[in-house]
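I opened this entry to keep track of what I looked up in the model. The notes follow the order in which I checked things.

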Amino acid sequence: MFRLWSTIIKDLRILTRDKVGLTLMFLMPVVLTIVITSVQNGTFEMVNNNKVAIILDNRDADASAGGSASASRELVKTIEEAGMFTIAERGPYKNEQEVRDQMYKKEILVAVVIPPTYSQDVMARAQSVARKALKDISGEKNTASGEGDSLAPLQLLYHPTLQLSFRRSIEGALGSVLQVVQSKYIVKSLYKAINEENIPDSVESQIVGQQTEIIPVAVSRDGNRGNPNATQHNIPAWTVFAMFFIVISLGSSIVREKRSGSFLRLRTLPTHFGVAMVSKQITYILITLLQAVVIFGLGIFLFPHIGLPALILPGDITALVLVTLLCGWCATSFAICVGVYANTQEQANGFGAVSIVLLAAIGGLLVPSFAMPEGFRYIMKLSPLHWCMEAYYGLFLEGGKLGDILMNIIPLLVITLAFQVVAWWGLKRKRLV
Amino acid sequence: MEAAIQISDLSFRYQAQEPVLDQLNLTIEAGERFGLFGPNGAGKTTLMSLMTGLLPYKTGSVKLLGYELRGRDRKINSLFGLVPQDFSFYPELSTEENLQFFGAWAGLTKKEIREKTNELLSVLSLEKVRTRAVGKFSGGMKRRVNLAIAVMHDPRVLFLDEPTVGVDVQTRHAIIHYLKQLNQHGTTLIYTSHQLHEAEDLCTRVAMIDEGKIIINDTLTNLLHQHKQDGLEGLFLELTGRAYRS
């Protein structure tokens with residue numbers, strides 16, 4: 001026990017004297033967590049709370065003629081009331097090029113161009129639908145032509161940097177707005193055709209205005225989790241990333257000891273070389289635990305003061321500690337593997353860093369696993385970072401308990417043991433044990 | 001008295017290569033100051049590695065103080081110490097911390113480590129730098145730390161691979177003086193080096209190895225007398241030739 005203790009003390013001393021390594025291990029994940037959570041939270045806020053600034057170019061002839069019943073005016077009003085958009089600039093613009101120039105000049109990402117025949121098309125379509133409906137009701141044979149069935153498209157200009165997912169959500173919101181306006185006009189036309197008078201405002205708002213409310217509810221196992229936010233997503237993910245990034249420090253430390261001859265001398269002493277490896281694992285698991293404490297602490301205590309949502313710890317703290325320990329052990333085992341097989345520090349650092357980024361990418365840390373191509377969904381199961389993150393998400397996002405995440409823990413344990421076996425085999429091959 | 005090293009019919013080859021050692025026999029008596037010399041590539045380092053258990057062997061036998069090294073118990077490692085040619089310590093740690101760590105690995109207790117550390121720091125004049133990181137030391141100081149670590153556990157046999165390479169005259173004299181003191185207290189010294197003048201001063205018995213075989217093995221006095229040489233260098237050139245080796 002004294003030998004193991006002395007080795008742990010030695011490893012801790014060496015570690016604490018490697019200022020660059022320590023900086024990488026603690027400062028890097030702290031900065032990453034703050035920056036990425038802030039950025040993602042900003043996107044979340046922009047989509048959910050802030051409005052997207054748009055340029056609106058209403059070229060509708062009825063609107064420019066000042067027609068009070070203009071469908072385009074109704075559309076503009078509905079866009080404003082939709083809650084997602086704020087109209088930063090309004091036309092009229094001479095042509096599409098002028099709209100584009102304005103987008104670059106004002107740094108606005110989206111512009112909506114309402115076509116010249118919009119009101120006319122909407123009215124025509126509404127009347128056409130109403131006519132068809134009445135004929136259907138009265139049992140007359142429908143001889144109506146296709147007139148009024150086509151609508152001139154509304155143009156959505158967007159900056160090329162706009163992400164596809166964000167563009168799709170804008171398209172979806174605009175689609176809903178268009179649907180509301182068109183439905184309104186169809187209802188109006190139908191009402192007038194049946195009652196031969198305009199629809200009263202109160203009836204119109206009852207028919208068109210009241211939509212079924214959507215209440216998003218995150219399905220958590222414990223039933224009392226709030227809606228997941230950028231903090232709950234990012235803190236576990238970047239904690240896992242930070243843990244695995246110890247490969248830089250531990251991998252190169254092993255290479256250094258191999259090359260300096262320290263390992264050679266240890267082999268001539270009466271203590272089993274396995275003690276050195278056990279010590280490395282204990283030391284670096286302690287470091288990964290400390291990393292987790294620092295990053296979780298950051299989420300709990302610092303984030304609320306810098307405008308980010310505070311981290312809510314899972315209810316099952318025992319499971320959290322166990323998962324953190326397992327993730328740390330897996331990260332340490334991987335780093336030892338890299339250190340054992342690398343011949344130079346450059347190899348350990350280069351391979352270590354690249355492999356962690358790759359394992360993070362295929363593990364669903366950089367891109368959500370549900371958004372991955374079909375083939376990658378099988379490959380990602382090979383990444384230990386995937387299982388670490390799934391186990392953490394089971395606790396942090398789903399509010400699960402130890403029993404709920406067992407199926408994430410078992411593969412993680414298997415991968416960890418595989419790393420141990422591979423590292424041991426490498427040590428044997430290099431005659432270190 | 002048990003021989004410090006007893007090698008019988010030892011052959012060794014690295015994977016898919018020519019044999020480095022071929023049917024080698026060698027006995028080093030306990031208490032000797034034994035020098036092993038030979039040109040580059042002669043098999044000295046391989047033989048040292050086999051005698052310290054760093055390389056496994058299949059053919060022949062190597063006994064250290066009567067214990068066969070093949071499949072040995074690790075406890076046998078406490079019987080010998082190794083001073084490798086390369087600095088084998090942790091440059092980030094201080095002299096004291098290195099000695100504490102390697103002392104623990106050698107199986108010493110806390111008290112023994114404390115006592116031995118104080119003794120060695122004093123004997124090898126390292127007291128002033130006991131808390132300084134070894135990585136910042138001069139070559140001579142590093143050599144002394146390298147030696148101190150190897151003798152922390154008072155080994156009965158001490159293997160020395162070029163223990164004074166790259167040091168100044170003062171440090172060389174101090175190290176050789178210390179090694180002689182160790183030998184007077186019963187430690188067998190097995191030394192290899194290209195510093196033949198130093199070897200003349202230190203070694204009482206000399207063997208030369210070439211092409212995997214021991215070509216001579218006798219006391220230094222006898223060898224010089226038999227070959228009518230006045231120094232090891234002349235003897236070395238006479239026996240191994242003047243041509244370049246690998």
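I started at one residue pair: A53(A) stands opposite T86(A), which belongs to strand 2 of chain A. I then noted how the two strands run: strand 1 and strand 2 of chain A pair in the parallel sense, over five bridges. Before going further I recorded that this is a predicted model. Its scores are ipTM 0.85 and pTM 0.76.

**Entry: the sheet of chain A**

I reminded myself that the strands of a sheet pair through backbone hydrogen bonds, either parallel or antiparallel. V110(A) has Y158(A) as its bridge partner in strand 4 of chain A.

**Entry: strand 3 of chain A**

Which way do the residues of strand 3 of chain A point? I found V110(A), V112(A) and I114(A) pointing one way, and A111(A) and V113(A) the other way. Is the strand enclosed or open to the outside? A residue counts as buried if 20 or more other C-beta atoms lie within 10 Å of its own. Five of the five residues of strand 3 (residues 110–114) of chain A are buried, so the strand is largely enclosed by the rest of the structure.

I also checked what packs here.

**Entry: chain A as a whole**

I counted 17 helices and four strands in chain A. Of the 433 residues in chain A, 39% are buried. I looked at contacts in chain A between residues at least 6 apart in sequence, and 77% of them join residues at least 24 apart. The chain is divided into domain 1 (2–43 + 222–429) and domain 2 (51–209). I have their C-alpha centres at 52 Å apart.

**Entry: where the chains touch**

The contact takes 19 residues from chain A and 22 residues from chain B. Which element gives the largest share of the chain A side? It is helix 1 of chain A, with six residues. Helix 1 (2–16) and helix 11 (262–267) of chain A each supply at least two residues. I sorted the chain A side into six nonpolar, seven polar and six charged residues.

**Entry: chain B**

I looked at confidence before the fold. Chain B averages a pLDDT of 85, and 96% of the residues score at least 70. Among the elements of chain B, helix 2 (residues 95–105) has the highest mean pLDDT (93) and helix 8 (residues 232–240) the lowest (71).

Chain B has an open sheet of six strands with mixed pairing, in the order 6-7-8-3-9-10. Strand 6 (80–83) and strand 10 (213–219) of chain B stand at the edges with a single partner strand each, so one side of each is left without a neighbour in the sheet. Neighbouring strands of this sheet are turned by 15° against each other on average, direction ignored.

Inside this sheet I followed strand 3 (residues 33–37) and strand 9 (residues 205–210) of chain B, which run parallel and are joined by four bridges. L36(B) stands opposite A207(B) there. Helix 1 (residues 44–51) of chain B packs on the sheet, touching strand 3, strand 7 (157–161), strand 8 (188–192) and strand 9 of chain B. The direction of helix 1 of chain B makes about 155° with that of strand 7 of chain B.

**Entry: positive phi**

Most residues other than glycine have a negative phi. I noted two in chain B with a positive value. D9(B), in strand 1 (residues 5–13) of chain B, has a phi of about 45°. D9(B) counts as exposed because it has 11 C-beta neighbours inside 10 Å. S125(B) has a phi near 50° and is found in the loop between helix 3 (110–123) and helix 4 (139–151) of chain B. With 13 C-beta neighbours inside 10 Å, S125(B) counts as partly exposed.

How values were computed
Residues numbered from 1 in each chain as written. Chains lettered and ligands numbered in written order. Predicted model: local features only at pLDDT ≥ 70, side-chain atom pairs only at ≥ 80, totals over all residues. Buried ≥ 20, exposed ≤ 12 C-beta atoms within 10 Å, placed from the backbone. Pairing = 2+ DSSP bridges. Contact = placed C-beta atoms within 7 Å. Nonpolar A, V, L, I, M, F, W, Y, C, P; charged D, E, K, R; others polar. pLDDT = per-residue confidence, 0-100. Axes fitted to C-alpha atoms, helices over the stretch in contact; angles between N-to-C directions. Domains from an automatic or database assignment.
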